[in-house]
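Please keep the sequence and the 3D view open as you go.

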Amino acid sequence: MKFTLGWLKDHLDTDAGVEAIGAALTTLGLEVESIDDPTAALAPFTIARVLTAERHPQADKLQVLSVDVGDGTPVQVVCGAPNARAGMTGVFGAPGTYVPGSDMTLKVAAIRGVESRGMMCSMRELQLSEEHDGIIELPDDAPVGARYADWARLGDPVFDVAITPNRQDCMGVHGIARDLAALGIGTLKDPAIVAVPGKFPCSVEIRTDDPDGCPAFLGRVVRGVRNGPSPAWMQARLRAIGLRPISALVDITNYISFAHVRPLHVYDVAKLSGPLVARRARDGESVEALNGKTYTLAAGMTVIADDRHVNDIAGIMGGMVSGASEATTDVLIECAYFTPERIGATGRALGLNSDARARFERGVDPGFVAPGLELATQMILDLCGGEASDVVVAGVVPVASKVVQYRPARVAGLAGLAVADDEQEAILTRLGFGVTRGDPWQVMVPTWRRDVGVANATETWDGEADLVEEVIRIHGLDRVTATPLPRADGVARPTATPAQKLERRLRRALAARGADEAISWSFLPPAQAEQFGGAAWTLENPISTDMAAMRPSLLPGLLAAASRNADRGQPHVRLFEIGQRYLADGEHPTAALLLAGNARDRDWRNGPAAGFDAYDAKAEALAALAAAGAPVDRLTVAPPVAAWWHPGRSGRLVLGKVALADFGMVHPATLAAFDLKGNVAAVELYLDALPPPRGRKARGAYAPPALQAVTRDFAFVADDSLAAEALVRAATLADKTLITGVRLFDRFTGPAIGAGKVSLAIEVTLQPADRTLTDADIEAVSARVVAAAAKLGAVLRG
Amino acid sequence: MHTDTLQPEILGQIAAAASPEALEAVRVAAMGKSGSVTALLKTLGGMTPEQRQTEGPKLNGLREAVAAALAARKAELEAAALNARLAAERQDMTLPVAAPRTGTIHPVSQVMDELAEIFADMGFSVATGPEIEDDWHNFSALNIPESHPARAMHDTFYFPQQPGDEKRMLLRTHTSPVQIRTMMTQAPPIRIIAPGRVYRSDSDATHTPMFHQIEGLVIDRGTTLAQLRWTLETFIKAFFEVDDVALRFRPSYFPFTEPSVEVDVGYSSQTNRPAGAGEVDRWLEVLGSGMVHPRVIAACGLDPEEYQGFAFGTGVDRLAMLKYGMTDLRAFFDADLRWLKHHGFSAFDVPTLSGGVSGGLGA
């Protein structure tokens, strides 16, 4: 919301300067985004009159002007503007002046041999508009020698404030002035608006057939108007806030919209046919709006239409067909109350923003519908002449009386800052509230404060906090001083949940093992999600189609990251992420690790570089699970179930029947979809599948075994389809008391043991409990190990 | 031969022996079965007792002297041999070794851990909630009705509505639904922070469609804005490790708080950190906050006449940028290895109250 200082002073009697007002606005919650003082740039430009204009001796299109700049000595200026002529008044820049629109500084120059001491300026050269067909023409009575910016009221500093969505009353200068006055920055100028008596019955029938969308439609005709340009002061203010002056009638509606949050619309009566009716649009009806675009309407939107056309998208934008033009002599003023929800829904559906929509959808003051129409009538009569008809009121303006039960002690109760009752009453009164003291106070909410209180309050506390905010806002929110929260006895207690602790441990364990934590988008291109079984959740309105599918796995994000890194010359990555997968049954906390490029660099000690293999992934998976407190010694490896894994080089770590993690090499077809070359290993850990960590309680007394453990090695030959894990488990279970550990330490295949065969060597640890093992004891255990292996088809090597 | 001449001769040979083999040859020649010293010792048997009395000590002295010289020379030779071997084993200690694999913690995770640590000391626990939310938790319960402009303001990502669904599913636009879920499941007093991913349909240099927020909520009897101010001051001082901070409370608007407060943090351009009132030369809009709206408290089944409290929210990514100096939000989610290595934290930079909450800064 923009406004100028001069405009504000029409509504606020104050001596406060720009800075003081800026600070006050921020204090009030009307956050100042910028204050722009255009005089700074245009101060040197003055009003000048062209005395004579002669043809340039050397150039057909140039003239040599003699210009009266007000100091008695005519100045010679060479000018190329077609409209330059003797007797005209314009804007002059002297040598040394910086011209903002052409980004140059004027100097005395000879133009085709004729000296020029300055310039007569166009609108574009002063950055006042795009107009550059000729130099600025001012009325003959413009005072020669005066600063142009002052005379044209361009010198008015422009405030730009951010209005929060609740304060629609401050989308107009008057409301801002009221807030400033409440703070003590001057006095609100609030003259009574006098009704303009009608001279004749309104010649156009006005109706509302859509009381839901347009509860009230007020209007009247003003006949015999002259619709020329609006006066310079009005144009200057509209330009200052970024609006384009169009014609007096249109400018008046914009002016009142920005002065009083009272959007209006004017119709050329000559272009209307039959009654003007607020009604629901018909599906497929279309209207060419004043922005030149045609909108197709849907049932449910409210429009203003006559017998032939939709003339207005109600409360949002007028239509071309019946807009006011310079030829307009009879005008119909529409001043309506539209239901905010309807305006918002229509605006969103059409994707159409306008100043009117912004005001109507936040809710204009229902108490200012009739006064707004009178104000507009008077301004039209003043600026365009004519005579006004009677006012037609169709429907009923929904003015709800809101009374808040208010306990002034709630200010101290909520804010922790006491404000005396008298001050509270004074603040509320200055803001326009009606205060009746009592227990509690009865506070009547002014019609323009849609944000305070609720109509037909059901709770005694409804609206009370709103009034606390009003009081504390004016009293000074920043005067609230810090008061400590009560603190529990003793040192701070632990607060993290088991799931949070798990995530923290896992994150730091993965980083400690050399992986870098990434955070990638939760949404993916659908094609990437397809590689991972497809997305269970797809956005209806993604920011782009590449960000539409909620990730079913963390791997695609990491694969894409690896691919980007490779493109940047960083092919060797160990990336991990901890976050949610989004599946049909909800969100699942997950950790993923991606290993791409070299596992080892080439090195003078270790030889050539080596890529990652599935066992690297398995090692990382087990290390991560161990850090997460999972019982890794009880896990078994099952075959992979998902298509994005290499079918022969990946596995699933299972506890009982629960999958805790998948690991292995990513399927080459999947890698190709991400433009990744080489081998990529990965791990995905399913955090919500992990068993809850066991409590770290005291562990009981412990004495190390008195007798040393002994080890025995066994080498078996088996079919190479035998899972090593099965052999190790069989050996482990061969003697549950003596055997405390089995480790596979060697594996080979080759001609020495025959095709389709594998040699597996294990080291078995025996821990005697009460006596030293005899050779016979060891022989007996060994025999059981060999027998257990034999059941799997594994034969002890000779 | 006589001992008087034999001893210097053998000791000379021992000293001259240049290798273990030569020394062994000397030993055998002197002390072996048919060695010269052995031969002399054998003569003791044929002597008279008187002769033995004088010659015995002499011959034993010879034997001991030779044995001692042999042992000493052997040790000398072994030491020389070891020295020679070690000298030959020299390696170039300037050759490189494999660099340790050092991973990193993402700044967002690090800052979330820092926040958890700071707020734990003030009695706040960490609460979480789903990112795929329904419109009731994300909007309605937070006093944002269907038609409220704030719903559009939030640029919400929606999921298609299934026929028969009462609730509209969406990506949460803020962490505030966690307030609702907490108040509906937990009896006051409540002190929580809720960090997490949030989503808005917005993308430019300072906005990404996904980012991280942290929400704070205190619900109790008699909780006030004054306590909010203390909480935020305490948090800002601890997080930025400054002794003093000036905050500015400005009126603002959030549908779920009343009164609503925008909190500016006073900054010093000298230190580029938050500063006390004397040193502040600019204000940064950092936090949105306010007293929880009574309608929100009531929507969660609590009596607003009994319970009240405050809520605040801010961007975790933004806090990380302010504290650790990153400039581009988009880089947070790009996983560029070089950026991660540069801005990431060591796994061992665990924020603790005793060691400091700033990983890698003070530590």
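This is a predicted model: local features need pLDDT of at least 70, side-chain atom pairs count only at pLDDT 80 or more; totals for chains, interfaces and linings use all residues.

## The nonpolar core

Let's start inside. The largest nonpolar core has 239 residues. Those with the most contacts inside it are I176(A), L180(A) and F235(B).

Pick out I176(A) in your viewer. Leaving aside neighbours within four places in sequence, I176(A) is in contact with M1(A), F3(A), L8(A), L25(A), L30(A), V161(A) and C170(A). As a general background, nonpolar side chains in soluble globular proteins tend to be buried together.

## Helix 19 of chain A

Next, turn to helix 19 of chain A, which covers residues 724–732. Its buried residues are L727(A), V728(A), A730(A) and A731(A). They lie on the same side of helix 19 of chain A, because they cover an arc of only 160 degrees around the axis. What do these buried residues of helix 19 pack against? Their partners in chain A are strand 41 (710–719), strand 42 (739–748), strand 43 (757–766) and helix 20 (775–791).

## Where chains A and B meet

Now for the interface. Chain B contributes 93 residues to the contact and chain A contributes 84. The area buried between the two chains is about 7600 Å², with carbon and sulfur atoms giving 57% of that. R101(B), P251(B) and L337(B) supply 9% of the area that chain B buries against chain A, more than any other three residues.

Polar pairing is found here as well: 43 residue pairs are in polar contact across the interface, both residues being at pLDDT 80 or more. There are 13 salt bridges between chain B and chain A. D336(B) and R568(A) form a salt bridge, with their closest N and O atoms 3.4 Å apart.

## Salt bridges within the chains

Over all chains, the whole structure has 63 salt bridges. In chain B, E306(B) pairs with R221(B), the closest N and O atoms being 2.4 Å apart. E306(B) lies in the loop between helix 10 and strand 10 of chain B, and R221(B) in the loop between strand 5 and helix 9, so the pair ties together parts that are 85 residues apart in sequence. E306(B) is partly exposed at 35% relative accessibility, whereas R221(B) is exposed at 51%.

Salt bridges that share partners also join R167(A), D169(A), D179(A), R449(A), D451(A), E470(A) and R473(A) into one network. Within it, D169(A) and R167(A) bridge at 2.9 Å between their closest N and O atoms, and both residues are buried.

Definitions and conventions: Residues are numbered from 1 along each chain as its sequence is written. Chains are lettered from A and ligands numbered from 1 in the order in which they are written. Side-chain values use heavy atoms; hydrogens and water are left out. A nonpolar core is a set of buried Ala, Val, Leu, Ile, Met, Phe, Trp, Tyr and Cys residues joined through side-chain atoms within 4.5 Å. Buried means under 20% relative accessible area, exposed over 50%, partly exposed in between (1.4 Å probe, protein chains only). Contact means heavy atoms within 4.5 Å. Helices (H or I, at least four residues) and strands (E, at least two) are DSSP runs, numbered from the N terminus. The arc is that of the directions from the helix axis to the C-beta atoms. Buried area is the accessible area (1.4 Å probe) that two parts lose on being put together, summed over both. A salt bridge is a side-chain nitrogen of Lys or Arg within 4 Å of a carboxyl oxygen of Asp or Glu. A polar contact is a pair of N or O atoms within 3.5 Å; within protein, one must be able to donate a hydrogen and the other to accept it, and residues adjacent in sequence count only if both atoms are side-chain atoms.
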